[in-house]
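Please look at the sequence and the structure before reading the points below.

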Amino acid sequence: MIAERQRRSLIWRVIHLLGSLKLALVLLATIAIAIATATFTEAHFDAAVARAWIYKAPWFIAWLGVLCINLFAVTLTRWPWQRKHTGFIITHYGIIILLIGAVIGSKLGFEGNVTLRTDGQGQRKIVTDRSCIQIESPADSYLYLMPLDTRFMHPSVASPTYLPVPGTSLRIAIIAVSEHLVSRPHLAKAMEKGAGTAVLLDFSSGMMKQTLRVGLGTGEGSPDTHDFFGRASIALASDSHALPPHDPSDKKPWLDLNPGTDGTSLNYKIGRGTSVTSSGALREGDLLPLGWADWRLHVGQIMTHATVASSPEPSDGEGEGVPGFQAFLTNPDGEKSSPLWVASGDVVPLVLNKEMVRIGYGLELRPIPFSISLVDFQVPRDEGTESPSDFRASVRFKNNKSGEEKEGVIRMNHPASYPGGFLANVTGFNYKFSQAEWNPRDLKETTLQVLYDPGWLLKWTGSLAICVGIATMFYIRPRES
Amino acid sequence: MIIRLSTLLIALACVISTGTLRAQVSPKRLETLVIQEGGRKKPYLVFSEETLRSLSGKTSLTLDGIKQDAMTVITGLWMNPNDSWKGKQLILVSNLPLRQHLGLDPSRKLYSYEELTGNPELAREIALAAETKRRDPKAKLSGLPKEASDVGLRLELFEGLIEGSEFRILMPISGNDWLSINQVDPSQSAELVSTKERISSSWKQKNQQGFNEAVTQLLQLQEQVGGLPPSWKISLEVAYQKTHPFRWAWILYAMAGIILLLSRNSWEKLGYRLAWVLAGSGFLLQAGGLLSRVLIAGRPPVTNMYESVIWVAFGTILFALIFEAIYKAGSFLLGAVPVAVASLILADSQPVILDNSIHPLTPVLRDNFWLTTHVLSITLSYAAFALALGVAHVALIQVIAGRKPTATLYNYLYKTLQVGVLLLAVGTILGGVWANYSWGRFWDWDPKETWALTALLGYLFLLHGRISGLWGGFGLAVGSVIAFMSVLMAWYGVNFVLGAGLHSYGFGTGGFPLVATFVACELLFVAIAFLRRNSQTA
């Protein structure tokens with residue numbers, strides 16, 4: 001019969017082609033190989049790279065689409081269905097339903113996280129995992145959001161990535177990206193009255209393979225002390241107030257600095273408790289072994305009438321810092337502003353000919369129709385140890401419109417949801433909060449994973465169908481009639 | 001020679017003057033003393049074996065020329081904590097590059113406390129690792145700093161043993177942290193301190209009777225203070241620790257396999273029955289061992305690599321016995337035995353890679369419903385695929401031997417694969433549903449999720465190819481061997497090789513050469529079967 005209808009109708013020929021076992025084998029093999037490769041990509045690079053190249057790549061999504069067509073067509077090839085086809089059809093439709101649920105979930109739903117503090121405000125925004133750039137247009141002062149991920153950009157001075165500033169003829173030119181921007185202090189001339197002497201100190205240790213730049217200043221707004229990894233203290237005295245005497249019971253080493261009267265030198269004392277181990281004077285470029293393991297001090301800069309400022313710059317240290325990019329503003333005449341680094345979480349003004357464009361970079365924030373606040377957070381421990389046995393966050397939801405409040409408790413494996421209730425939980429039109437991260441050093445803080453997934457009901461149904469279908473196919477034989 | 005003889009004579013004289021030649025006191029009476037360690041309360045016997053394994057990588061040591069079991073060494077450290085311990089070689093430095101880096105005698109693995117604390121390079125490496133951890137508590141150490149920090153932990157453990165602070169045997173008046181005898185105010189517990197003194201002095205004087213009496217009193221005192229787990233639990237754990245049920249299980253399985261293999265002709269029926277009895281007894285023993293773990297830990301026995309290896313061996317035999325009960329084929333058991341025996345021997349012989357101690361679980365796993373449904377179905381699917389691997393070997397060995405396997409055998413293989421596919425599909429989906437509750441999403445391409453799916457797709461590929469007639473029984477057998485590599489990747493590789501993703505509580509290190517060798521042998525085996533078959537058909 002099958003051969004007969006294929007001969008008669010082109011449609012049936014196409015259906016049998018699309019639903020062919022050979023296509024199914026090709027699909028199974030390619031998908032398996034692709035996702036297996038992705039796990040190695042993830043282990044060697046980063047989960048985001050695996051995501052961008054494979055799991056979330058258009059070709060992969062399209063391939064899953066072909067899989068759905070194949071699954072659908074193969075059920076048609078069995079037409080007219082008989083009882084023995086029950087398990088087969090349930091299973092194959094189950095996969096289609098599951099995949100449709102996944103598409104709906106990723107298009108209409110979202111995932112994100114929110115960090116709450118017991119002594120903090122209620123949150124009305126969720127941090128998503130999508131990076132974006134925020135541009136405040138000088139034309140209408142509106143904030144424009146555009147998705148932008150520096151991890152997948154390769155701009156250079158020769159070929160910048162341009163972004164238009166909405167409502168103007170200006171463009172933002174991105175000329176460099178970095179995954180490791182750190183805030184480094186530098187000295188800036190200041191004319192205000194509050195400014196004083198400022199110094200830039202570079203500490204380095206060969207043994208620890210580490211360098212540290214510290215900026216200290218005597219003027220207002222500049223730090224005049226620095227806690228050296230909790231192991232030692234560094235302080236700069238000003239002309240108006242001398243440093244307080246050291247506590248004899250504190251055995252931590254210290255370094256006291258005092259600007260010289262000539263403005264180009266620095267007097268120092270190194271000691272421990274109340275005893276002074278060495279002292280002398282330093283000038284720019286001088287090198288001083290501190291006697292703290294192999295740490296050495298290099299005097300980078302001494303400046304009068306200056307303050308300590310900091311701006312992000314790329315670091316060579318692996319694994320530290322935040323992502324960001326370097327950009328300038330340009331107009332159709334080819335004029336350029338000076339380039340600035342924009343680190344994730346910062347808002348930076350770019351100015352060109354008195355026109356100012358503020359740009360921000362970071363993870364997109366998504367508003368929710370209610371607020372969530374942390375009432376209490378507990379971390380019970382395993383007996384006799386510091387390892388947590390559970391996390392319990394008591395939260396309060398408050399509807400933005402009605403002001404109605406609702407309490408919830410979030411434990412590991414037991415999320416809280418809003419609005420909650422049977423229907424919302426089953427359909428997934430529901431915000432679900434699960435325990436995600438905690439800060440061992442600050443137990444007033446917890447981070448929750450947030451999921452809003454309207455595809456949930458389909459995922460559920462599809463999953464159930466797959467399991468029931470396979471079991472039926474393998475183990476339930478209809479009686480031969 | 002003369003000198004040696006004279007020392008012997010002096011020793012003999014000493015023995016005569018004290019009356020009898022007294023051996024080391026047996027610390028057996030202490031074995032049920034309850035100790036709080038690693039987040040739970042356990043019998044002293046278990047504590048001793050686990051502690052000595054952490055310290056030395058073994059459960060017995062040869063000290064001063066005498067082989068001593070874990071309880072004797074640990075009790076010696078507790079009851080006679082003199083400075084001579086610091087010169088004894090009992091601290092493990094397992095990593096060869098670290099030994100070379102520290103300039104230690106590379107032919108040894110055990111070093112004394114003095115040797116290690118006197119090594120400035122080690123101190124520097126430990127400080128470096130501690131500094132990294134202090135700056136970022138979540139930082140993952142690797143290479144030399146990781147190895148050095150492990151040695152640092154062993155040094156700390158040794159200090160805790162010598163000082164007595166590791167022996168936390170008393171419930172406190174408030175809080176959850178049990179106390180060691182040193183921490184109790186002597187004015188409050190004069191009896192406790194004097195009992196400990198009596199145990200200690202009878203240990204030193206090698207007075208077995210005095211030792212036993214004093215220990216009995218200590219046990220009574222501990223019971224008076226209270227807070228102990230039910231005594232059946234402690235006795236069960238002691239019995240479990242002593243009997244090694246999984247070791248006996250593999251011996252019985254191996255015997256069943258050998259009998260099955262050797263019984264021919266008129267002996268065949270009897271041999272088959274005997275194999276059933278042996279495999280069945282092994283299975284019951286293993287079930288008993290697993291049940292003990294469930295009762296001791298209060299959770300399903302599939303929470304780390306060790307437990308999952310045991311469980312998969314158990315599942316393989318379980319499915320084989322079920323199929324044997326239905327089909328009485330012999331080939332299921334023959335396929336299952338090598339898998340189960342190899343797994344159980346591995347679990348028994350690699351304590352450093354496969355840690356058999358019972359630890360409290362990370363919070364996300366503390367849900368017996370999901371552990372039972374998701375993890376048991378996933379690991380049972382591994383077991384079914386392991387059985388398929390075994391049956392495929394039976395078929396392929398026949399091919400290599402020049403015989404043609406029967407269609408029935410290939411049909412058995414197909415049925416085994418079906419069990420695995422159903423369980424893996426159900427388990428993977430249940431994992432998604434659990435993740436939706438625990439991590440707040442159904443599916444996110446976590447490496448463990450992805451590899452479970454890869455394995456499932458691989459087996460589906462195999463079954464679909466068979467249905468379409470693209471390959472026959474031989475192809476199915478070859479595919480069962482190759483597809484099992486994806487199970488190994490999902491099971492072992494994600495946790496031990498990739499080391500990425502959210503299933504991080506199962507991460508570990510080691511065993512890679514072993515697994516790589518296994519994979520290489522299997523591929524070679526398949527290649528030989530291929531060549532043999534081609535030469536036969538040609």
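The points below are grouped by topic.

This is a predicted model, in which local features need pLDDT of at least 70 and side-chain atom pairs count only at pLDDT 80 or more, while totals for chains, interfaces and linings use all residues. Residues are numbered from 1 along each chain as its sequence is written, and chains are lettered from A and ligands numbered from 1 in the order in which they are written.

**Domains of chain A**
- Chain A has domain 1 (2-108 + 459-475) and domain 2 (183-314), with bounds from an automatic or database domain assignment.
- The C-alpha centres of domain 1 and domain 2 of chain A are 65 Å apart.

**Strand β5 of chain A and its partners**
- Helices (H or I, at least four residues) and strands (E, at least two) are DSSP runs, numbered from the N terminus; two strands pair if DSSP finds at least two bridges between them.
- Strand β5(A) (residues 171-189) pairs with β4(A) (residues 161-164) in the antiparallel sense over four bridges, and Leu163(A) has Ile172(A) as its bridge partner.
- Six residues separate β4(A) and β5(A) in a hairpin, and Gly167(A) in the turn has a positive phi of about 80°.
- β5(A) also pairs with β15(A) (residues 322-330), antiparallel over eight bridges, where Ala176(A) stands opposite Gln326(A).
- Nine bridges join β5(A) to the antiparallel β14(A) (residues 296-314), and Leu187(A) has Val308(A) as its bridge partner.

**Contact between chains**
- In all, 47 residues of chain B are in contact (C-beta atoms, placed from the backbone, within 7 Å) with 43 residues of chain A.
- On the side of chain B that touches chain A, α17(B) gives the most, with 12 residues.

Definitions and conventions:
Contact = placed C-beta atoms within 7 Å.
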